[in-house]
Amino acid sequence: MSEFMDRLVARADTDGLLDVAYATLDTPLGTAMVAATPRGLVRVALPNEDLDRVLTRLAADVSPRLLEFPARLDEARRELEEYFEHRRDQFELPLDWRLTHAGFYRRVLRATARVPFGEVITYGDAAKRAGSPRAVRAAGTALGSNPIPIVVPCHRVIRSGGAIGNYGGGPEMKRFLLELEGALS
Amino acid sequence: MAAALPPFQVFLDEHLQPVRAFLRGMVGPNDADDCLQETFLAALRAYPRAEATNLRSWIFTIARRKAIDHHRSRRRRPQPVGEPEELIDRQASAGSASSALGMSARHSEIWTAVAELPPSQRAAVVLRFAVDLRYREVGEALGTSEEAARQSVHEGLKKLRARADDLKEMAR
């Protein structure tokens, strides 16, 4: 039935009925998922997340017209593969920010998206760059709610004392990413 | 609060095979996949407005409409003579329904007879024997009561049995 599926999904895409497309990809950390709307990458699910739950949430929060359609994710998957193979230090993907709360949270995440590969900032820096220097805890919450991890590099935000801090995928994963970027030497 | 719709991919994975079996019974194996495309494309289009509590009935209703549209458009253009492969295919797909009717797959005339039943009886017979739904589920899929579904299947089977007797007479 896979030929049937290919035909159906391609037609759905042509007819503008595919509100959310997703695909899985293998990473050194396990199987991740990427999802995109016609506007851009909307969600990256780390390997520790439950795929069924992520899809159910996407159906509720973006649109139930959600189908597996790797073709729309070709560019995202390629860039992520290159990143994990040390061949890319910057993502050039259009992003769809709709899953982040407009306002302070989104400003924190946008500021974080500009932290270069190999560098780290503190939660206080992130709060300051988002325009509210005193909102350090809220900046942490904003980073914790990041729907597009890795591509929006919330792992580059650490504690002011040098401790690595929390991460949605767990501190091990954060350490792995920072080591991959050579930011922990 | 209304129940949330599952992701379309999940809905599709759950219903693809039963709807396919239904359409094979309704329009035959050669045209079933085209009708299946039309069915799920129409479903995707309307999906955000679907009622999450009764998706099976909803998708079978769409499939039934597509099968009826298909028969209408077939009647408007000249009927092509079936290719040999088509006839073999028709016999193959007749297996489950005809064996359920206590006949060997050889009796593919029965399948032709199924195709000649009035649409509601045909749909009920196919859902009961090719998709293997219970009467309650047949009723749900057709938007009728369990009792009405049972009645449609009963009437359909009566016609099929009469037809089988005719065939036996002719074979004598």
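The model is predicted: local features need pLDDT of at least 70, side-chain atom pairs count only at pLDDT 80 or more, and totals for chains, interfaces and linings use all residues. Residues are numbered from 1 along each chain as its sequence is written, and chains are lettered from A in the order in which they are written.

Start with chain A. It has seven helices and six strands. Helices (H or I, at least four residues) and strands (E, at least two) are DSSP runs, numbered from the N terminus. Along the sequence the pattern is α-β-β-β-α-β-α-α-β-α-α-β-α.

Now look at two helices of chain A. H4(A), residues 104-113, packs against H6(A), residues 136-144, at an angle of about 75 degrees, with the axes 9 Å apart. Axes are lines fitted to C-alpha atoms, for helices over the stretch in contact, and angles run from 0 to 180 degrees between N-to-C directions. The two helices are therefore roughly perpendicular, a label for angles of 65 to 115 degrees. Phe104(A) and Leu109(A) are among the H4(A) residues that meet H6(A), whose partners include Ala138(A) and Leu143(A).

Finally, turn to chain B. Here 17 residues of chain B are in contact with 18 residues of chain A. Contact means that C-beta atoms, placed from the backbone, lie within 7 Å. On the chain B side, helices H1 (8-27) and H2 (29-46) each supply at least two residues. The largest share, seven residues, comes from H2(B).

Technical notes
Contact = placed C-beta atoms within 7 Å. Parallel < 35°, antiparallel > 145°, perpendicular 65-115°, else oblique.
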